[in-house]
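Trainee: I would like a close look at one part of this model, namely its side-chain pairs. Please take me through them slowly, cut-offs included.

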Amino acid sequence: MREFAMTYIDQTSLEAEDAPRKARHAVLIGVKLRRPGETWFTSRVSNLSETGFRLHSFVNLKPGMTIWVMFSGFEGRRATVMWTKGAEAGCMFEAPLHRAIYEHIMRVSAP
């Protein structure tokens, strides 16, 4: 079994970060992703909250990197990579999703 090192952005208050994490819901959503100056490509989101998401992608991402993620039917949204571990990355939206957008994404993504 291959082990991956985890890298992350140091947070001054991990307790403050825990509140949004509690609101995350397990999903499996196909999204489009792009890094600055590149074209869109397909990735997957495995959990989602109004403030962030867990991304599964084989693109090289690093903590602190800005990316854009596009959910079906919506414009691309800017996010910051907070941590990486192998092909996974935890990302925080630049601005939280509007509650109605979040609920719509969750509704259309339900099995």
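Predicted model: local features only at pLDDT ≥ 70, side-chain atom pairs only at ≥ 80, totals over all residues.

Mentor: Happy to; we start with the chain as a whole and then go through the pairs one by one.

Residues are numbered from 1 along each chain as its sequence is written, and side-chain values use heavy atoms, with hydrogens and water left out.

Seven strands and two helices make up the elements of the protein chain. Here helices (H or I, at least four residues) and strands (E, at least two) are DSSP runs, numbered from the N terminus. Read from that end, the order is β-α-β-β-β-β-β-β-α. Of the 111 residues in the protein chain, 32% are buried; that word means under 20% relative accessible area, exposed means over 50%, and partly exposed lies in between (1.4 Å probe, protein chains only). The accessible surface is about 7100 Å², with 54% of it on carbon and sulfur atoms. Such areas come from the Shrake-Rupley method with a 1.4 Å probe, and for residues only the protein chains shown count as cover.

Let us take the aromatic rings now. A pair of aromatic rings is described by the distance of the centres and the angle of the planes. Rings of Phe, Tyr and Trp (its six-membered ring) pair if their centres lie within 6.5 Å; planes under 30 degrees apart count as stacked, over 60 as edge-to-face and the rest as tilted. By this rule there are two aromatic pairs. In one of them, F53 and F93 have ring centres 5.0 Å apart and planes at 45 degrees, so the pair is tilted. F53 belongs to strand 4 and F93 to strand 7, so this pair links distant parts of the chain, 40 residues apart. Both F53 and F93 are buried. The other pair joins F71 and F93, with centres 6.4 Å apart and planes at 55 degrees, so it is tilted too. F71 sits in the loop between strand 5 and strand 6, while F93 is in strand 7, so parts 22 residues apart in sequence are tied together. The relative accessibility is 2% for F71, which counts as buried, and 4% for F93, which counts as buried. Through these ring pairs F53, F71 and F93 form a cluster.

Next come the salt bridges, each a side-chain nitrogen of Lys or Arg within 4 Å of a carboxyl oxygen of Asp or Glu. The count by this rule is five. One of them pairs R54 with E88, whose closest N and O atoms are 3.6 Å apart. R54 lies in strand 4 and E88 in strand 7 (residues 88-93), so the bridge ties together parts 34 residues apart in sequence. R54 is partly exposed at 26% relative accessibility, and E88 is partly exposed at 23%.

R78 and E94 make another salt bridge, the closest N and O atoms being 3.2 Å apart. R78 is in strand 6 (residues 77-85) and E94 in the loop between strand 7 and helix 2, so this pair connects parts 16 residues apart in sequence. Here R78 counts as partly exposed at 37%, whereas E94 counts as exposed at 58%.

R99 also forms a salt bridge with E50, and the closest N and O atoms are 2.2 Å apart. This pair links distant parts of the chain, with R99 in helix 2 (residues 99-109) and E50 in the loop between strand 3 (41-48) and strand 4, 49 residues apart. R99 is partly exposed at 45% relative accessibility, and E50 is partly exposed at 23%. Salt bridges link E50, R99 and E103 in a network.

Charges can also sit over rings: NZ of Lys or CZ of Arg must be within 6 Å of the ring centre and within 35 degrees of the ring normal. The charged end of R34 sits over the ring of W40, 5.5 Å from its centre. R34 also lies over the face of W68, at 4.5 Å from the ring centre.
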